[in-house]
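Hello,

Here is the structure I promised to pass on to you. Please open it first, and then read my notes below with it at your side.

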Amino acid sequence: VAASAIALLVGGVDGLYDEDQEVIVSMNTVWPYANPTETYRYYDLPFCQPELLMPHFMTLGQVLRGDRLVNSLYKMNFK
């Protein structure tokens with residue numbers, strides 16, 4: 001079964017980063033490719049997950065769209 005997932009890179013308000021600034025990566029929902037209306041939280045599936053899941057603040061539009069943003073294990077710095 002093919003699945004799609006969204007990982008978001010969340011920047012500052014202007015979306016600009018300084019050299020070596022941490023880039024926050026958030027995980028979103030996962031859905032089957034053939035049925036995008038069927039969605040699951042990213043960590044409902046057997047992926048490695050952080051010890052503590054922290055939901056992110058979301059706008060009303062993100063909630064209505066079905067986004068469920070949480071932190072991830074990925075650590076990145078801007079180059």
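**What I found**

Asp20 is partly exposed, with a relative accessibility of 47% (the class between buried, under 20% relative accessible area, and exposed, over 50%, with a 1.4 Å probe and protein chains only). You will find Asp20 in the loop between β1 (3-10) and β2. Although Asp20 is not a glycine, its phi is positive, at about 65°.

Before you go further, please note that this is a predicted model, in which local features need pLDDT of at least 70 and side-chain atom pairs count only at pLDDT 80 or more, while totals for chains, interfaces and linings use all residues. Residues are numbered from 1 along each chain as its sequence is written, and side-chain values use heavy atoms, with hydrogens and water left out.

Now for the overall layout. The protein chain has 1 helix and 5 strands (DSSP runs numbered from the N terminus: H or I of at least four residues for helices, E of at least two for strands). Along the sequence they come in the order β-β-β-α-β-β. Of its 79 residues, 25% count as buried.

Which residues make up the largest nonpolar core? They are Val25, Met27, Val30, Tyr42, Tyr43 and Val70. Such a core is a set of buried Ala, Val, Leu, Ile, Met, Phe, Trp, Tyr and Cys residues joined through side-chain atoms within 4.5 Å. Strand β2 (residues 22-32) gives the largest share of this core, 3 residues. In soluble globular proteins, nonpolar side chains tend to be buried together. Setting aside residues up to four places away in sequence, Val70 touches Ser26, Met27, Tyr43, Met54, Pro55 and His56 (contact means heavy atoms within 4.5 Å).

Tyr42 and Tyr43 form an edge-to-face pair, because their ring centres are 5.0 Å apart and their planes stand at 90°. Tyr42 and Phe47 have ring centres 4.6 Å apart and planes at 25°, so this pair is stacked. Together, ring pairs link Tyr42, Tyr43 and Phe47 into a cluster. Tyr42 is buried at 11% relative accessible area, and Tyr43 is buried at 11%, whereas Phe47 is partly exposed at 37%.

Happy exploring!

Note on methods
Rings of Phe, Tyr and Trp (its six-membered ring) pair if their centres lie within 6.5 Å; planes under 30 degrees apart count as stacked, over 60 as edge-to-face and the rest as tilted.
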